Amino acid sequence: MEAYTDFAAVYDTFMDETPYAVWGTFVAGLIEKYGISKPVRTSTVQGKELSEEYDTAEDSEQALDEEKNLIVELGCGTGSFTQELYKLGYDIMGIDLSPDMLNLARMKSAEAGYNIMYLEQDMRELDLYCTAGTIVSVCDSINYVLEDQEVIDTFKLVNNFLYPGGVFIFDFNTLHKYRDVIGDTTIAENREDCSFIWDNYYHEEEHVNEYDLTIFARCDEKDEVFRRSVETHFQRGYTLEEMRQFVEKAGLTFIEAIDADTHEKPDDNSERIYIIARENGKRI
């Protein structure tokens, strides 16, 4: 069964304590420190869309500025983090594989009055209409890519679609987290309108964590009938050294790694790590 189908409808309910605003501020600080994108939305300046042709030198310069300031988020889900960067002034586009998650992202943005474009794409087949000054991926989306070469190929596409000198900022859950912290455990949560049981099974040989997720969601606010659905998710744990090698094999320049919880240098106890890498010439 595909992931993030029925789970999409209750995803925001169970993620309501996730500090997206804190993450947004932190990532924006990394962009300011290392990146080239500025919090200026210019994709529709003077009625011109980013994908239109530009005839004059001034228009060409404007188009390049728009690309340089554009942020693309891979694995945007329901768009909660996307909206945080938008609120900070950035021109941002969200990309995700799940149409159910994207439908919610579009609805949330429309309700908030945010002009955010969302595209349904597999990050392993990333295909943009222009380059972007910054590409980001948070909330362990990269861990859903299970094979070494697929991670490398994804990073190659990122490098290809980054504006010259642009940065790639992503996080990932470590092997230590899956193996030693959450492996072979069960997590359950009960809410008024929905509940879930999350069974983890860690597969040592593949370094893969299997999530068997059972969801009970109220069918109608007016009755007590709940619908049961099941999804299975697979995420692979990686070490920092593995990720660094993937980044460099893809042609990107590794800049820094940061523990997502302490914001210090990662160590053996780090459960989630940010990596910042820079575009380093096109390989595709």
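Me: How many aromatic pairs does the structure hold?

Reply: This is a predicted model, and the structure holds 11 aromatic pairs.

Me: What makes the pair of Phe-26 and Tyr-274 tilted?

Reply: The ring centres of Phe-26 and Tyr-274 are 5.1 Å apart, and a pair requires centres within 6.5 Å. Their planes stand at 50°. Planes under 30 degrees apart would count as stacked and over 60 as edge-to-face, so the rest are tilted. The pair of Phe-26 and Tyr-274 is therefore tilted. This pair links distant parts of the chain, with Phe-26 in helix α2 and Tyr-274 in strand β11 (residues 272–278), 248 residues apart. Both Phe-26 and Tyr-274 are buried.

Me: Why is the pair of Tyr-238 and Phe-246 called edge-to-face?

Reply: The ring centres of Tyr-238 and Phe-246 lie 5.7 Å apart and their planes are at 85°. Planes over 60 degrees apart count as edge-to-face, so this pair is edge-to-face.

Me: Why do Tyr-238 and Phe-246 count as buried?

Reply: Buried means under 20% relative accessible area. Tyr-238 has 0% relative accessibility and therefore counts as buried. Phe-246, at 4% relative accessibility, counts as buried too.

Me: What lies over the face of Trp-23?

Reply: Arg-272 lies over the face of Trp-23, at 4.6 Å from the ring centre. The distance cut-off for a charge over a ring is 6 Å, and the charge must also be within 35 degrees of the ring normal. Trp-23 itself is one of the buried residues of α2, which include Tyr-20, Phe-26 and Leu-30.

Me: How do you know that helix α2 has close to the expected span?

Reply: Helix α2 (residues 20–34) has 15 residues and reaches 21 Å from its first C-alpha to its last. The expected span is 1.5 Å times one less than the number of residues, which here gives 21 Å.

Me: Why is strand β2 described as largely enclosed by the rest of the structure?

Reply: Six of the six residues of β2 (residues 91–96) are buried, so the strand is largely enclosed by the rest of the structure. Asp-91, Met-93 and Ile-95 point one way, while Ile-92, Gly-94 and Asp-96 point the other way.

Me: How do you know that β2 pairs with strand β1 and strand β3?

Reply: At least two bridges are needed for two strands to pair. Five bridges join β1 (residues 70–74) to β2, and these strands run parallel. Four bridges join β2 to β3 (residues 117–120), again in parallel. Ile-71 has Ile-92 as its bridge partner in β2, and Gly-94 stands opposite Tyr-118 in β3.

Key: Residues numbered from 1 in each chain as written. Predicted model: local features only at pLDDT ≥ 70, side-chain atom pairs only at ≥ 80, totals over all residues. Heavy atoms only, no water. Helix = DSSP H or I, 4+ residues; strand = E, 2+ residues; numbered from the N terminus. Buried < 20%, exposed > 50% of the residue type's maximum accessible area, 1.4 Å probe, protein only. Phe/Tyr/Trp six-rings, centres within 6.5 Å; stacked < 30°, edge-to-face > 60°.
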